[in-house]
Amino acid sequence: MILNRRDGRHLPAAASPCGDPEHADSAFLHPLDSDNSKYTKRRRRQGWSNPTGIILVVAAIVAVVKFSQSGHRNMHSVISAKFQPENQLQSSDVQQQLTRDQNKSNENNSNQHSKFFRFDSVKPKVDYISHPTVYPDYRPLPTRPYTEHLPMSSTLGDLMERWDQDDIDHPPTPFVEVLQHFEYSDPVQMEAARAFRDAEIPFKIVNVPDIEAAAQRWDVKYVGDMFAGKGDIRGSESGYAQKSKDNFFLFFNKSAWRTNVFGPYPTGRVRWSFAEWANHARRADMEGLEPDAVHYYFQAGTAPTEKFDKKKQGFISRDLPLFSSPDSNFFSFSPEESKGIQCRFGERGVTAATHYDAGRNMVAMIHGAKRYILSPPNACKYLGLETERKHPAFRHSMLNFGKINLARSSTTMSKTERDALLLAAQSPAIETILKRGEILYIPSYWFHYITSLQMSAQCNTRSGRGSNKGTTEFGNFDDVKVCR
């Protein structure tokens, strides 16, 4: 759940916190391309007609021909390298990995760019959509104490010890779900889900037909064509790819980020189409990526006003009517407060830093699966949250919880980071695997830490703030405001 101040507002592509590539091509325009330039006239006077000048011209032509023969692949690498986020400090091996990833993706594109394939056409080592799962007993209505419906019997440290964040291929089997799951087609269960929603308790809805219909439509070519403006409809949606030097993504306000204080930008934008991202994500499913390899993420959003005028709706709004309706429904129950629809396309291993959102959040998994680790508002004091509004990572923690197990034994980690991670390990937490066709409800101010388990497509919408009173058991806005 992303973007500039993490408040869910729609941002056009140029407002990304991670750089603006809109004028990228201008960096490659030769400043001396005019026949009337003083430089050109001077060079003519200095002997462009002599043998030396002719040799230089011939050498330049040969170089241009060789460059042209090298094709789009090399040009793409040059562009991507040119537009690293400014002041981004990367080691040579990371730069080499980035170049290899981009080259391999573009090599694949020469054969596959327009080729039809589905998100699930390549199965990862563990397909979490069909992974064995145990579900909790059905509880029709929430009663106090709410901890009976959502027991916080584990800590974040417990969850990471049982299933290390970076050990994606070895999950608990069967995976034991704690959240209540309600069947969308059952009116009685949906009434119970409404009670859970009103009580501000996380839960999931399963077997939602609209989500399955979107999944059937959203193959890679369809989504890629839509983002490229080649489809039958065009709305406010804009999409772009981001990269991180490893699998951890911290989303931030770029305008507030000071590299002399915080170091290099944690993520940056790359000039990749959706098809290019998808090819890399498919390779990640096939081969797996090491946690410290360069990872990529694709995201998009729609304008909040799009839902009120169908003529202006794009494919995201059209294909997700439960999220784009101007009328109140179970999932978008306060449409006038909605900030539009945000979609996140993740490749295997991509992990988003823990954070909270003020809006009540409905998250639909259209393809693939993600691991969500949830912590209640009153866990804020453990999580290393940035509470200062002027901080570039406001409402986020900058901690990579995947390092918790390392912190227990490391002798090289800084004391500051080790102490922060060991404190985070004490946070109460629950986990769930959100699979294709399911919708997860995250109440206001609940923390969520997300790992994409395989190539995935997820969209969410928010319905304004919940009650600041929250619950006695799990806390409220005051807990995240004070955070101690």
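View 1. Q342 is placed in strand β10; strands (E, at least two residues) and helices (H or I, at least four residues) are DSSP runs, numbered from the N terminus. The model is a predicted one, in which local features need pLDDT of at least 70 and side-chain atom pairs count only at pLDDT 80 or more, while totals for chains, interfaces and linings use all residues. Residues are numbered from 1 along each chain as its sequence is written, and side-chain values use heavy atoms, with hydrogens and water left out. Q342 has 4% relative accessibility and so counts as buried, a term that means under 20% relative accessible area, with exposed meaning over 50% and partly exposed in between (1.4 Å probe, protein chains only). The side chains of Q342 and R462 are joined by a polar contact of 3.5 Å. Such a contact is a pair of N or O atoms within 3.5 Å; within protein, one must be able to donate a hydrogen and the other to accept it, and residues adjacent in sequence count only if both atoms are side-chain atoms. Between Q342 and A303 the C-alpha to C-alpha distance is 9.3 Å, with 39 residues separating them in sequence.

View 2. Strand β17 covers residues 456-465, and nine of its 10 residues are buried. β10 and β17 run antiparallel and are joined by six bridges; two strands pair if DSSP finds at least two bridges between them. Within β17, N460 stands opposite Q342. Strand β12 (residues 359-367) also runs antiparallel to β17, with seven bridges between them. In that pairing, R462 of β17 is the bridge partner of N361.

View 3. The strands follow the order β4-β5-β15-β12-β17-β10-β9-β6-β8 in an open sheet with mixed pairing. At its edges stand β4 (181-183) and β8 (268-270), each with a single partner strand, so one side of each is left without a neighbour in the sheet. From one strand to the next the twist averages 25°. Axes are lines fitted to C-alpha atoms, for helices over the stretch in contact, and angles run from 0 to 180 degrees between N-to-C directions. β12 is joined by four bridges to strand β15 (residues 439-442), and the two run antiparallel. The bridge partner of V363 in β15 is L440. Helix α5 (residues 187-198) packs on the sheet and touches β4, β5 (203-206), β12 and β15, its direction making about 140° with that of β4. Contact here means heavy atoms within 4.5 Å.

**View 4. The disulfide between C343 and C459.** The sulfur atoms of C343 and C459 are 2.1 Å apart and form a disulfide, defined as a pair of cysteine sulfur atoms within 2.5 Å. This pair links distant parts of the chain, C343 in strand β10 and C459 in strand β17, 116 residues apart. The torsion about their S-S bond is about 105°, so the disulfide is right-handed. C343 and C459 are both buried.

**View 5. The disulfide between C380 and C483.** C380 is joined to C483 by a disulfide with an S to S distance of 1.9 Å. C380 lies in the loop between β13 (369-375) and α12 (404-407) and C483 in the segment after α14 (477-482), so the pair ties together parts that are 103 residues apart in sequence. The torsion about the S-S bond of C380 and C483 is about -95°, so this disulfide is left-handed. C380 and C483 are buried. The count comes to two disulfides, and with the bonded cysteines numbered in sequence order the pairing is 1-3, 2-4.

**View 6. Helix α7 within the structure.** Of the eight residues of helix α7 (residues 220-227), six are buried, so the helix is largely enclosed by the rest of the structure. The buried residues are V220, Y222, V223, G224, M226 and F227. They pack against α6 (209-217), β6 (238-244), α9 (274-287), β9 (295-301), α10 (315-319) and β10 (341-346). At the start of α7, a side-chain oxygen of D219 comes to within 3.0 Å of the backbone nitrogen of K221. Just after the helix, G229 has a positive phi of about 80°.
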